[in-house]
Amino acid sequence: MTDIIFRFSNPSPTGVDVPASGFVECSLVVVEQSVTGTRTLERFSVELVDGLAAAPLSPTALGQAWHIIVQGVAGVHEFFKAVPVDADPIRYDALVDVDPGTLTITPTTQAAWDATLTDVAASASAAGSAAASAATAAGTAGTAAGAASTAAVAATTAAGAASSAATTAASRAAAAETARAAAVTAAASVPSRTELAATYAPKTGAGSPIAVSVAMSIALRRN
């Protein structure tokens, strides 16, 4: 950017010029490539303070000119100027005048649009990267959810198997307890040796089967 210096004054009733108050409006004129005509970039203005103002203007390329309008200064002050590549401040009246009718169409894209297109492309690239990252994160989350679901099913199956095993063990324990109780009952109903001896031991003494048998044998022999 090159600082362009503007200095203006207005006549006074005393005949002595006084510093002008007003504005300097600037806009870059660019010849359209697609249609016959010109367009201008957004206009900006700088204020004249004590008749003095400075406007930072970019160097003009082929098919460009700065359109400058001075407001608040006596007379007609409208210019089309070419701005050179120069880092030092320069007075506006030292700039080369440009006839707008002689501006030719440049075959290359204007630098002003290059910056805009670059910004748009960068934004689109960033958005695409963000979308890809989001998709990857979603895929990872889906895989984790699937693994968690599988683990939950496995845990439910294991819990069912454990419950079945516990039920079987309880059933077997109940059967064993029933068998034990039956064995105890059966054992209690078996007569003791003393009871068996008292019941089945042969009777002795008079009138017992043995005594009767002996008496009958002796009687038979006598006869």
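Which residue forms a salt bridge with aspartate 93, and how far apart are the closest N and O atoms?

Reply: Keep in mind that this is a predicted model. In it, the partner of aspartate 93 is arginine 91, and the closest N and O atoms of this salt bridge are 2.9 Å apart. Now for how open the two residues are. Aspartate 93 has 44% relative accessibility, so it counts as partly exposed. Arginine 91 is partly exposed too, at 38%. As a general idea, side chains of opposite charge can pair when their charged atoms come close.

That pair belongs to a set of three salt bridges in the structure. Another one joins lysine 81 and aspartate 97, with 2.6 Å from N to O. Lysine 81 sits in strand S9 and aspartate 97 in strand S11, so this bridge ties together parts that are 16 residues apart in sequence. Look at the two ends of it: lysine 81 is buried, with a relative accessible area of 5%, whereas aspartate 97 is exposed, at 55%.

The remaining pair is arginine 43 with glutamate 25, whose closest N and O atoms are 3.9 Å apart. Here, too, distant parts of the chain get linked: arginine 43 is in the loop between strands S5 and S6, glutamate 25 is in strand S4, and they are 18 residues apart. Both ends are partly exposed, arginine 43 at 36% and glutamate 25 at 22%.

The largest nonpolar core has 22 residues, and the members touching the most others are Ile4, Phe6, Phe8 and Val24. Strands S1, S4, S6, S7 and S8 each give two or more residues to this core, and S4 gives the largest share, four residues. Take valine 24 as an example: leaving out residues up to four places away in sequence, its contacts include Phe6, Phe8, Phe44, Val46 and Ile68. In general, nonpolar side chains tend to be buried together in soluble globular proteins.

Phe6 then leads on to a pair of strands. Its bridge partner in S7 is alanine 53, and S1 and S7 run antiparallel, joined by six bridges. S7 has two faces: Ala53, Ala55 and Leu57 make up the covered one, while Leu52, Ala54 and Pro56 make up the uncovered one. That's a handy pattern to know, since side chains in a regular strand alternate between the two faces of the sheet.

Terms used: Residues are numbered from 1 along each chain as its sequence is written. This is a predicted model: local features need pLDDT of at least 70, side-chain atom pairs count only at pLDDT 80 or more; totals for chains, interfaces and linings use all residues. Side-chain values use heavy atoms; hydrogens and water are left out. Buried means under 20% relative accessible area, exposed over 50%, partly exposed in between (1.4 Å probe, protein chains only). Two strands pair if DSSP finds at least two bridges between them. A nonpolar core is a set of buried Ala, Val, Leu, Ile, Met, Phe, Trp, Tyr and Cys residues joined through side-chain atoms within 4.5 Å. Contact means heavy atoms within 4.5 Å. A salt bridge is a side-chain nitrogen of Lys or Arg within 4 Å of a carboxyl oxygen of Asp or Glu.
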